[in-house]
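The sequence and structure come first.

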Amino acid sequence: MNTFLILFFTLFTYSIASPYHGQIRDLVPADDEDADLSVMELLQKYGYPAEEHFVTTSDGYILRMHRIPHGKNSDTVSDKVVFLMHGLLCSSADWVLTGTEHGLGYLMADAGYDVWMGNARGNHESRNHTTLNPDTDDDFWHFSWHEIGAIDVATMIDYALEVTGQSQVVHIGHSQGSTSYYVMAAMRPEYNAKIKAHFSLAPIAYMNHMTSPLMHILAFWSGSLDLLAELIGMNEFLPSNDFMEMIGDDLCADDDPTQALCSNALFVICGFSPDEMNATILPVLMGHTPAGISVRQMMHYAQEINSGEFRQYDFGLDNLIEYGQLTPPNYELENIQAPIYLYFSRNDWLSAEEDVLKFCTGIGSACKEMILVADGEFNHLDYLYGIRTPELVYKPMIEIIAHLD
């Protein structure tokens with residue numbers, strides 16, 4: 001009980017954002033059956049060509065990828081390859097679960113692209129390993145978004161290029177999907193040549209100005225491993241029911257139509273915009289998220305908040321063993337060379353404008369443009385689920401991609 005009293009006062013102190021009291025709208029029809037369908041079943045149900053691919057990383061993780069090789073009304077596989085990488089607690093499903101008129105996977109395929117959708121180790125699409133059991137082996141979960149970028153993303157891009165016979169992809173990442181891209185480009189600079197351009201939706205590198213109450217809690221208590229284990233799990237991120245209920249009660253009123261979202265870890269971390277949330281997709285969305293992550297992924301972000309740096313995972317006293325120095329090394333931003341377009345908004349709990357600008361400055365000429373979403377209430381998850389996202393973000397971005405040199 002004392003743990004949760006402490007947590008209550010921490011949450012009270014750090015709850016920067018106001019509770020949600022908005023009317024979510026029923027606009028885009030959705031089929032609740034989709035909540036129980038796999039990505040392959042979703043694609044096939046709506047008449048799109050669908051492929052499933054598996055690749056094994058150098059450290060034994062078995063990753064599942066989904067491919068839409070061409071649009072619904074075409075039989076020709078495009079030579080223009082796009083790789084979509086999901087964010088924290090998400091999966092390849094998030095690029096298609098909002099429907100054919102809204103999901104970026106569908107829109108890119110219909111615009112004439114060969115669309116590959118990756119899945120990071122540990123989510124429900126890639127919860128597999130050659131020797132480790134995620135349910136019984138703690139070592140399975142000993143990774144953060146560092147390994148996802150340095151190993152997973154690079155491995156999946158190599159596979160997609162090998163299958164398609166192309167030399168470059170356009171890479172689009174949301175949230176952690178942007179972070180993992182930066183890690184890959186910094187740690188393995190040879191991959192810059194394999195990227196025609198990268199598009200960051202809600203970029204996350206520096207986190208000095210983020211406002212997510214849950215992330216502030218984790219950052220504040222990051223030194224107390226026993227407390228954090230009780231709250232969110234030790235290996236796989238499994239927040240306790242008491243923890244989720246307490247945070248949900250603070251952010252949503254009991255009679256609020258958004259109450260269901262307040263028990264979902266994804267929305268508690270990232271927030272949501274009631275005016276952009278389409279109520280009819282909620283059952284489908286809740287069927288696919290949260291998709292699963294490791295505790296270290298969360299803690300790595302918490303460390304970024306405390307350090308003010310964009311750097312590798314902090315192992316504490318073991319840094320000397322891991323890195324040969326007392327503090328983790330910063331990612332070498334000068335290694336990031338492929339063109340980057342940064343989409344940001346001013347109501348984003350995780351990707352603050354000041355932090356995006358700092359990253360843009362840090363990568364120099366690789367930062368081609370910072371693009372402000374033309375909606376002052378646009379939130380971190382609206383890049384995936386927002387009602388007007390195709391008009392505000394996706395279609396203008398597709399237009400930029402179409403005119404890349």
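The axes of α4 and α11 come within 8 Å and cross at roughly 105 degrees. Axes here are lines fitted to C-alpha atoms, for helices over the stretch in contact, and angles run from 0 to 180 degrees between N-to-C directions. Helices (H or I, at least four residues) and strands (E, at least two) are DSSP runs, numbered from the N terminus. Trp145, His146 and Ile148 of α4 meet Gln297, His300, Tyr301 and Glu304 of α11. Contact means heavy atoms within 4.5 Å. By class, these residues divide into three nonpolar, three polar and one charged. Ala, Val, Leu, Ile, Met, Phe, Trp, Tyr, Cys and Pro count as nonpolar, Asp, Glu, Lys and Arg as charged, and the others, Gly among them, as polar.

This is a predicted model, in which local features need pLDDT of at least 70 and side-chain atom pairs count only at pLDDT 80 or more, while totals for chains, interfaces and linings use all residues. Residues are numbered from 1 along each chain as its sequence is written, and side-chain values use heavy atoms, with hydrogens and water left out.

Helix α4 also packs on α5 (residues 176-187): their axes come within 8 Å and cross at roughly 80 degrees. So α4 is roughly perpendicular to α5 as well. From α4, the contact uses Trp145, His146, Ile148, Gly149, Ala150, Val153, Ala154 and Ile157. From α5, Gln176, Thr179, Ser180, Val183, Met184 and Met187 take part. The contact of α4 with α5 has nine nonpolar, five polar and no charged residues.

Gln297 sits in helix α11 (residues 295-307). Is Gln297 buried or exposed? Its relative accessibility is 1%, so Gln297 counts as buried. Buried means under 20% relative accessible area, exposed over 50%, and partly exposed in between (1.4 Å probe, protein chains only). Beyond its neighbours within four places in sequence, Gln297 touches Leu88, Phe143, Ser144, Trp145, Ile148 and Gln176.

Helix α6 (residues 213-220) packs on α11 at an angle of about 80 degrees, with the axes 8 Å apart. The two helices are therefore roughly perpendicular to each other. Met215, Leu218 and Ala219 in α6 meet Met298, Met299, Tyr301, Ala302, Ile305 and Asn306 in α11. This contact has eight nonpolar, one polar and no charged residues.

## The sheet

An open sheet of eight strands runs in the order β1-β2-β4-β3-β5-β6-β7-β8, with mixed pairing. Two strands pair if DSSP finds at least two bridges between them. The edge strands, β1 (51-56) and β8 (367-372), each pair on one side only. On average, neighbouring strands are turned by 20 degrees against each other, direction ignored.

Strands β1 and β2 (residues 62-68) run antiparallel and share six bridges. Phe54 has Arg64 in β2 as its bridge partner. The two strands form a hairpin with five residues between them, and Gly60 in the turn has a positive phi of about 95 degrees. Strands β3 (residues 81-85) and β5 (residues 169-174) run parallel, joined by four bridges. Phe83 stands opposite His171 in β5.

Helix α5 lies across β3, β5, β6 (195-201) and β7 (340-344), at about 140 degrees to β6. Helix α15 (residues 389-402) also packs on the sheet. It touches β5, β6, β7 and β8, and its direction makes about 165 degrees with that of β6.

## The nonpolar core

Which residues touch the most other members of the largest nonpolar core? They are Ile172, Phe199 and Ile269, in a core of 115 residues. Helix α4 (residues 145-164) gives the largest share of this core, ten residues. A nonpolar core is a set of buried Ala, Val, Leu, Ile, Met, Phe, Trp, Tyr and Cys residues joined through side-chain atoms within 4.5 Å.

Key. Parallel < 35°, antiparallel > 145°, perpendicular 65-115°, else oblique.
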